Amino acid sequence: MSLPCGTRNHNYAEDMAIVRTKTHRVLIIGLLVIIFTAPLYFSNYWLGVFNLIGITLIAAIGLNILVGYCGQLSIGHAGFIAVGAYTAAILTNRLEMPFLVGLIGAGVVSGLIGIIFGLPSVRVKGFYLAITTIAAQFIIIWVINHWGYTGGFLGIKVPYASIGGFVFRSESSQFYLIIIIAALCVFFAKNLARTKVGRAFIAIRDNDLAAEVMGINLLYYKLLAFFIGCFFAGIAGALLAHWIGFLNAEQFSFTESILYVGMIIIGGLGTSLGPIFGVVFIRILQQLLTVELVPFLESSFTMFPSGFATGITPMLFGLVIVLFLILEPRGLAHRWSLFKSAYRLWPFSY
Amino acid sequence: MAELLQFVITGISVGMVYALIALGFVLVWKSSSVANLALGQIVLISSWFTYSMLAQAELPVYIAFPIVILFALFLGWVIERFALRPLIAQPILSLITVTLGIGYFIEGVITFIWPWSVDALPRLFPKEVIHIGPAVISQEYVWVIVICLVVFVLLTAFFRYHRMGIAMRATADDQMAVQACGIPVTRVFSTSWMFACCVAAIGGVLISSIGGITHGLLETGLKAFSVVILGGLDSFAGAIIAGPIIGLCESLGGGYLTPYLWAGVKDIIPFVIIIIVMVIKPYGLFGEERIERI
């Protein structure tokens with residue numbers, strides 16, 4: 001069912017190809033063209049939203065590798081993003097390193113911190129691991145808030161990103177930077193799932209004892225999953241730092257971590273398209289709610305105490321997460337594949 | 001010396017509240033193996049509800065408190081019936097994230113109804129301070145310890161003598177066997193949720209009577225997890241013993257380490273304990289170590 005009628009795999013290269021049909025190719029190229037010409041027909045405001053979506057997508061892909069493929073539940077993702085963001089900020093602001101060094105450094109440092117907090121995953125799983133990552137989130141944020149080098153509660157300024165003298169100052173230039181890195185990450189994640197490492201992750205997710213018996217090195221692969229997941233978080237954090245230009249630990253709250261888990265669940269765990277759907281869905285919804293609905297409610301219901309409508313956003317997000325878990329646990333990606341197969345078979349039902 | 005005694009008593013009393021909240025977690029975990037990560041939000045919303053009853057509706061304490069208990073029971077029933085019952089026998093990942101979703105939802109409800117986010121509960125306990133030896137302690141701490149002990153005794157008696165309590169223990173032991181005996185397991189689940197919310201609400205009222213109602217209570221709910229982890233996930237006795245230990249570590253550490261480390265070290269101690277326990281003895285002091293088979 002994964003291929004349209006009449007498409008056959010005659011050799012290994014065809015079997016492994018990501019783009020298999022002409023329609024496929026046309027659609028992907030069309031999508032890329034639309035994305036890369038987006039600054040022409042969107043205002044700066046929407047480009048900002050897209051930038052946020054791109055950054056969130058990178059982090060969500062990392063979390064999807066960790067939770068969706070490897071099955072190691074992490075509820076401290078915002079903490080790891082914070083590590084990346086602050087590493088980039090310190091490297092570029094305090095030590096005046098170039099942007100690319102900061103970017104890679106952020107990924108590596110975040111990945112290493114991820115490995116440290118991922119160590120208990122060797123012995124425990126499920127709820128225990130969730131609690132460990134929650135603790136990690138709080139410890140990281142506390143250290144950031146109290147360590148003088150990170151700027152503490154006052155926050156820290158981050159210069160614009162720049163590569164070889166070109167400074168990414170405008171919203172559209174940052175859009176290209178972010179979207180290219182995000183596209184590379186999507187491509188990497190898509191391919192990772194089809195390699196030996198990806199298959200090992202899936203085996204560990206399905207049953208880690210069985211995987212160990214079959215000769216998969218649990219310690220190595222679990223920590224690798226933590227490293228990759230947190231590396232992506234670090235990259236996302238660095239981009240976020242350069243995009244916002246100012247960091248404060250409040251941007252990386254525990255609720256943000258929950259939202260990341262919600263995103264990959266709404267999108268579909270353990271699928272390559274899932275994070276994209278989830279991130280776009282949540283971020284657009286968030287934008288509509290906070291920018292359109294909340295001020296509207298605030299101004300039209302003045303008899304309630306001020307600020308009441310800010311509660312709408314978490315309420316709706318919580319509801320969406322619960323409803324998706326109950327009604328569509330496989331997420332939007334599953335709906336999409338259902339739609340695809342129905343489209344291919346039309347007008348027959350099967 | 002006076003300082004030490006003060007730290008010990010405040011530590012034990014805050015730790016007792018942690019233990020109470022942790023009991024709410026253990027109850028649900030034992031009967032249905034659902035990890036309730038929405039504890040902090042349940043604590044917060046019941047504190048706010050108490051605030052509404054006492055300060056906004058101006059009811060006397062003896063009417064307001066039963067209403068709060070009823071509210072907590074209702075909250076537990078709603079959560080179990082509408083969010084967790086459809087997810088029975090789902091993987092642990094969904095069970096954990098669904099409680100996160102519930103927590104998020106409750107947080108939104110709190111902001112929606114009480115948007116000013118910080119307030120103080122009306123005084124529940126007498127104002128006079130108590131002198132124990134050289135130490136001066138406000139009376140609340142002693143009352144909190146007493147009330148927590150009473151709740152512990154009541155819960156223990158319930159599990160020992162009441163039919164439902166025995167059914168709940170049996171469900172924790174072997175769900176299949178219980179079903180075969182004709183005990184309605186779903187009702188056991190919903191009772192355990194109702195009880196869990198109830199003890200969490202009592203804990204919330206007690207701790208907010210000491211420190212006021214803030215969003216910090218969400219963290220209190222999370223700190224209760226360190227009690228659960230240290231005591232063992234499926235052990236009532238573990239929670240009751242680990243609670244004061246965590247409370248003591250927090251208040252002694254906060255009292256004596258702050259000059260050497262950064263300020264606010266108090267808030268992080270329970271989380272550090274979680275990591276340490278995870279590395280050394282992940283199943284806690286009294287938890288049952290599960291031996292897994294393929």
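The buried residues of α5(B) are covered by several parts of chain B, including α1 (2-32), β2 (135-138), α8 (185-211) and α10 (236-257). Everything described here comes from a predicted model. The residues of α5(B) that end up buried are B:E140, B:Y141, B:V144, B:I147, B:C148 and B:F152. The helix itself runs over residues 139-161 of chain B, 23 residues in all.

Next comes α1(B), one of the elements covering α5(B). This helix also packs against α9(B), with the two axes 8 Å apart and an angle of about 75° between them. Because angles of 65 to 115 degrees count as roughly perpendicular, α1(B) is roughly perpendicular to α9(B). On the α1(B) side, the residues that meet the other helix are B:Y18, B:A19, B:I21, B:A22, B:F25 and B:V26. Facing them in α9(B) are B:G221, B:K223, B:A224, B:V227 and B:V228. Sorted by class, this contact has nine nonpolar residues, plus one polar and one charged.

One residue from that meeting point, B:A22, turns up again in the nonpolar core. The largest nonpolar core holds 196 residues, and the members that touch the most others are A:I58, A:A82 and B:A22. The largest share of this core, 17 residues, is supplied by helix α11 of chain A, residues 218-244. As for B:A22, setting aside neighbours within four places in sequence, its contacts are B:A224, B:V227, B:V228, B:A239 and B:G243. Of these, B:A224, B:V227 and B:V228 also take part in the contact of α9(B) with α1(B).

Now for the place where the two chains touch. Here 39 residues of chain B are in contact with 45 residues of chain A. On the chain B side, the elements giving two or more residues are α4 (92-113), α9 (216-231) and α11 (269-280). The largest share of that side is from α4(B), with 17 residues. By class, the chain B side has 30 nonpolar residues, six polar ones and three charged ones.

B:E80 is part of helix α3, residues 61-84. With 23 C-beta neighbours inside 10 Å, where 20 or more are needed, B:E80 counts as buried. Beyond four places in sequence, B:E80 touches B:R85, B:F189, B:S190 and B:W193. B:E80 and B:T186 are 106 residues apart along the chain, yet their C-alpha atoms are separated by 9.2 Å.

B:I132 sits in strand β1, residues 129-132 of chain B. This residue has 12 other C-beta atoms within 10 Å and is therefore exposed, the cut-off being 12 or fewer. Apart from neighbours within four places in sequence, B:I132 is in contact with B:L5 and B:I137. B:L5 is 127 residues away from B:I132 in sequence, but the two are 8.4 Å apart in space, C-alpha to C-alpha.

Some backbone details also deserve a mention. B:S33 has a positive phi of about 40°, although B:S33 is not a glycine. B:S33 lies in the loop between α1 and α2 (39-56) of chain B and is partly exposed, with 15 other C-beta atoms within 10 Å. In chain A, A:E96 likewise has a positive phi, near 55°, and is a residue other than glycine. A:E96 is found in the loop between α5 (77-94) and α6 (99-118) of chain A, and with 9 other C-beta atoms within 10 Å, A:E96 is exposed.

A cis peptide bond, with omega about 10°, joins A:W346 and A:P347. A:P347 belongs to the segment after α15 (331-345) of chain A. A:P295, by contrast, lies in helix α13, residues 274-300 of chain A. A:P295 is exposed, having 11 other C-beta atoms within 10 Å. Between A:P295 and A:T310 there are 8.9 Å in space, C-alpha to C-alpha, with the two residues 15 apart in sequence.

Conventions
Residues numbered from 1 in each chain as written. Chains lettered and ligands numbered in written order. Predicted model: local features only at pLDDT ≥ 70, side-chain atom pairs only at ≥ 80, totals over all residues. Contact = placed C-beta atoms within 7 Å. Helix = DSSP H or I, 4+ residues; strand = E, 2+ residues; numbered from the N terminus. Nonpolar A, V, L, I, M, F, W, Y, C, P; charged D, E, K, R; others polar. Expected span 1.5 Å × (residues − 1). Axes fitted to C-alpha atoms, helices over the stretch in contact; angles between N-to-C directions. Parallel < 35°, antiparallel > 145°, perpendicular 65-115°, else oblique. Core = buried A, V, L, I, M, F, W, Y, C linked by C-beta atoms within 7 Å.
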